[in-house]
Each structure stands twice: as C-alpha cells, then as structure tokens.
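Work through the exercises below with the sequence and the model on screen. Each task is followed by a solution in steps.

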Amino acid sequence: MRKAQVQAISLVLISGIVISLAGAAYFWGRPLIEKRTAITDIASAESFILQLNDEIVDVARNKGEKSLNIPAIPGSSLLVNASGNEIIYSFITSQPMLKLGDKRMPVPIETEHIEVVGTYGESPRIITLESIVYESQYMMTLRLKYRQLNTETIPVKGYKIVLRSAGKTGNNKVSVSYAGTETATIDDAETTITNIDVKIA
C-alpha cells in the first residue's frame with residue numbers, strides 16, 4: 001500500500017517538474033521563436049516586393065499583363081499610392097526589427113541609389129523598409145517607388161514608370177498591366193512616361 005502511495009507521489013512530483021521545465025523553456029524560448037518568425041516574414045515580404053518590381057519592369061518594356069500572389073503575412077495590406085508613385089506593403093510583427101522613435105530612418109533594400117531623379121542606366125526603383133509601433137506590436141512597411149531617369153545628353157531626355165491604381169477588391173493577388181505611353185516635359189526634360197495599371201484583387 002505504502003509502495004503504491006510512494007509511486008503515485010513520485011509520479012506527481014515528476015510531472016510537476018516536467019511541466020515547470022517546459023514552462024520555463026517556453027518562457028525563455030518564445031522571444032527567439034517570435035524573432036525567427038519576424039525574420040521569415042520580412043524575408044518573404046522583401047522577396048515579394050522584388051518580384052513585383054521585376055514584373056512591373058517587364059510589363060513596362062514588353063507590354064502585356066502579369067499577376068502575383070500576395071504573401072499571407074499576419075496583418076498585411078497592399079495599396080497603390082498613385083500620388084507618390086509607389087506601392088506600399090505593410091504587415092505586423094511582434095518583435096522590433098528596426099530602430100524606432102524620432103531618429104528612425106527608412107532602410108534601403110537592394111537599392112544603391114535613392115536620389116529623386118536618377119541617371120539613365122540606373123535602376124528606376126527605390127525600395128525601403130521602415131517600422132513604427134502599432135498598439136502592442138510593430139508595423140513594418142515596404143515601399144516600392146519609381147523615379148525618373150534622365151540622360152546626360154543635351155537636350156535631356158527622361159524616362160519614368162508611372163503607377164496607376166486600377167482598383168482594390170481584396171488582398172490575395174496583384175496584377176500589373178501596360179497602359180500605354182505618353183510624353184511630357186518634367187523639369188526641362190522631355191520625358192517618356194510608361195503607365196502601369198495596378199489592380200489588387
């Protein structure tokens with residue numbers, strides 16, 4: 001009888017110790033797991049934006065239409081800011097991955113030149129990543145912006161991809177299509193504008 005009682009008490013003690021150790025491991029390991037998840041989400045978002053840029057540039061050169069699935073990252077949203085000639089992809093993370101506060105600066109992503117007007121032959125796009133506090137979490141924002149490229153010849157000629165919003169009905173897929181070209185004088189440069197319609201479905 002006593003042996004059975006000792007075995008039962010031992011089982012309860014061992015179970016308690018195991019549960020305590022598991023709780024401690026989870027407590028200390030959770031931030032690492034969340035950080036790894038945040039890193040994976042950022043890498044997925046950056047890959048998506050870079051691929052979206054490739055599709056836009058291809059459509060601008062060869063016309064036609066391309067579509068791309070939007071990554072299913074928690075709290076994500078995609079929109080076209082036509083006035084800023086940019087596509088904005090935002091999502092939520094539980095870990096602060098960038099500097100926050102008044103001194104925060106957008107971080108260039110695979111971007112060598114961030115000048116508003118570039119030289120013909122350089123990349124027409126600027127991609128940046130920034131972060132802000134969002135309630136008890138953090139909102140990461142990727143911006144894909146297109147700038148004008150000017151030749152170094154006289155007279156100066158310019159080339160620019162212009163994004164136009166073609167509507168938003170969901171957050172699953174983005175389509176980009178060629179919408180024609182036009183010419184305009186921008187900052188004394190005769191500029192060829194390639195219009196790209198962006199639709200989010």
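**Exercise 1.** Where is the place of Pro155?

Solution. Pro155 sits in the loop between β8 and β9. Strands here are DSSP runs of E with at least two residues, helices are runs of H or I with at least four residues, and both are numbered from the N terminus. The peptide bond that joins Ile154 and Pro155 is cis, with omega about 0°.

Two conventions apply throughout. Residues are numbered from 1 along each chain as its sequence is written, and side-chain values use heavy atoms, with hydrogens and water left out. The model is predicted, so local features need pLDDT of at least 70 and side-chain atom pairs count only at pLDDT 80 or more, while totals for chains, interfaces and linings use all residues.

**Exercise 2.** Describe the protein chain as a whole.

Step two, burial: of the 201 residues, 36% are buried. Buried means under 20% relative accessible area, exposed means over 50%, and partly exposed lies in between (1.4 Å probe, protein chains only).

Step three, surface: the accessible surface is about 12,300 Å², and carbon and sulfur atoms account for 56% of this area. The areas come from the Shrake-Rupley method with a 1.4 Å probe; for residues, only the protein chains shown count as cover.

Step four, contacts: a contact means heavy atoms within 4.5 Å. Among contacts between residues at least 6 apart in sequence, 63% join residues at least 24 apart.

**Exercise 3.** Is Thr141 buried or exposed, and with which side chain does the side chain of Thr141 make a polar contact?

Solution. First locate the residue: Thr141 belongs to strand β7 (residues 137–146). Thr141 counts as buried because its relative accessible area is 9%. Next, the side chain of Thr141 makes a polar contact with the side chain of Ser90, at 3.3 Å. A polar contact is a pair of N or O atoms within 3.5 Å; within protein, one must be able to donate a hydrogen and the other to accept it, and residues adjacent in sequence count only if both atoms are side-chain atoms. Leaving aside neighbours within four places in sequence, the contacts of Thr141 are Ile88, Tyr89, Ser90, Thr128, Leu129 and Glu130.

**Exercise 4.** Treat Asn150 likewise.

Solution. Asn150 is part of strand β8 (residues 148–150). With a relative accessible area of 15%, Asn150 is buried. Beyond neighbours within four places in sequence, Asn150 contacts Val117, Gly118, Thr119, Tyr120, Val156, Lys157, Gly158 and Ala189.

**Exercise 5.** Describe the two pockets by volume and lining.

Solution. On a 1 Å grid over the protein atoms alone, a pocket is an open set of points where a 1.4 Å probe fits, with protein on both sides within 12 Å along at least five of seven lines; lining residues have an atom within 4 Å of a point. A volume is the space filled by probe spheres set on the points, which are joined across faces, edges and corners.

The largest pocket has a volume of about 400 Å³. Among its 15 lining residues, Arg61, Tyr120, Leu149, Tyr159 and Ile161 are the closest to its centre. At least two lining residues come from each of α1 (2–62), β9 (157–168) and β11 (189–200). By class, this lining has seven nonpolar, four polar and four charged residues. Ala, Val, Leu, Ile, Met, Phe, Trp, Tyr, Cys and Pro count as nonpolar, Asp, Glu, Lys and Arg as charged, and the others, Gly among them, as polar.

The second largest pocket holds about 190 Å³. Its lining includes Asn85, Ile114, Lys145 and Asp187, and divides into six nonpolar, two polar and four charged residues.
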